[in-house]
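Please read it alongside the sequence and coordinates.

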Amino acid sequence: MLWRGLAERRGWLVCQAYAISKGVYRIRFLFKPKPGQQHLEHFSYRALFPKILSDIEVLTGHTGSVLCLQYDENVIISGSSDSTVRVWDVKTGEMINTLIHHCEAVLHLRFSNDMMVTCSKDRSIAVWDMASPTEITLRRVLVGHRAAVNVVDFDDKYIVSASGDRTIKVWNTMSCEFIRTLNGHKRGIACLQYKDRFDR
């Protein structure tokens, strides 16, 4: 939906160089042909790329690589190798907040409602209260992993983190107290998705 909206606003649906389907592209078939039709020739896509690239808005502010981000209808929040978390207004593209806490790269972040959790190469997890995009305060720092914390996820019961130390750790969302460590991986853990199944 994000790309579809952007394409419609920027007028990428109309092919100026080649008349295909009466000069109009349907965005849902831009990269996948309609049932029963052949893929478009490569030159057709190439004709669109310069226009797409020239219309994409770049948000600048980080001084290092952007390693993670999440967005909703109001904000884009990004984490970087520059150790910061930055908040951007979706509508204006303006950077409206910078969070400085981690002392090494921010590897992953998740936010929902009035809370955000970030994790870092510095082995820590930061829990943030989000009153608004411009009012974000550090609630608690969670420590316990012995290597970079690569990924976090949470709901209203648990915060779950996975690390290069081969463990998954579970924390209470409200109190931020440590609950348990899950072992089993023989190498560092790079990804994780959590859905509440601990009590079942």
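Arg 139 has a relative accessibility of 30%, so it counts as partly exposed (buried means under 20% relative accessible area, exposed over 50%, partly exposed in between; 1.4 Å probe, protein chains only). The model is predicted: local features need pLDDT of at least 70, side-chain atom pairs count only at pLDDT 80 or more, and totals for chains, interfaces and linings use all residues. Residues are numbered from 1 along each chain as its sequence is written, and side-chain values use heavy atoms, with hydrogens and water left out.

Arg 139 forms a salt bridge with Asp 129; the closest N and O atoms are 2.8 Å apart (a salt bridge is a side-chain nitrogen of Lys or Arg within 4 Å of a carboxyl oxygen of Asp or Glu). Asp 129 lies in strand β7 (residues 124–132) and Arg 139 in strand β8 (residues 135–143), so the bridge ties together parts 10 residues apart in sequence. Strands are DSSP runs (E, at least two residues), numbered from the N terminus. Asp 129 is partly exposed, at 27% relative accessibility.

Arg 140 pairs with Glu 177 in a salt bridge, with 3.3 Å between the closest N and O atoms. Arg 140 lies in strand β8, while Glu 177 sits in the loop between β11 (168–172) and β12, so this pair ties together parts 37 residues apart in sequence. Arg 140 is partly exposed at 34%. Glu 177 is partly exposed too, at 41%.

## A buried bridge and its surroundings

How many salt bridges does a search of the whole structure find? It finds three. One of them joins the side chains of Asp 82 and Arg 86, at 3.7 Å from N to O. Asp 82 is buried, at 16% relative accessibility. Arg 86 is buried as well, with a relative accessible area of 11%.

Ser 83 lies in the loop between β2 (75–80) and β3 (84–89). Ser 83 counts as buried because its relative accessibility is 14%. A polar atom of the Ser 83 side chain lies 3.3 Å from the backbone oxygen of Glu 104. Beyond its neighbours within four places in sequence, Ser 83 is in contact (heavy atoms within 4.5 Å) with residues including Leu 99, His 102, Cys 103 and Val 106.

## Aromatic pairs

A pair of aromatic rings is described by the distance of the centres and the angle of the planes. The structure holds two such pairs. Rings of Phe, Tyr and Trp (its six-membered ring) pair if their centres lie within 6.5 Å; planes under 30 degrees apart count as stacked, over 60 as edge-to-face and the rest as tilted.

Tyr 158 and Tyr 194 have ring centres 6.5 Å apart and planes at 75°, so the pair is edge-to-face. The pair links distant parts of the chain: Tyr 158 is in strand β10 (residues 158–163), Tyr 194 in the segment after β12 (178–182), 36 residues apart. Tyr 158 is buried at 11%, and Tyr 194 is buried at 10%.

Trp 171 and Phe 178 also form an edge-to-face pair, at 5.4 Å centre to centre and 70° between the planes. Trp 171 is buried at 3%, whereas Phe 178 is partly exposed at 42%.

Definitions and conventions
Helix = DSSP H or I, 4+ residues; strand = E, 2+ residues; numbered from the N terminus. Polar contact = N/O pair within 3.5 Å; in protein donor to acceptor, adjacent residues only side chain to side chain.
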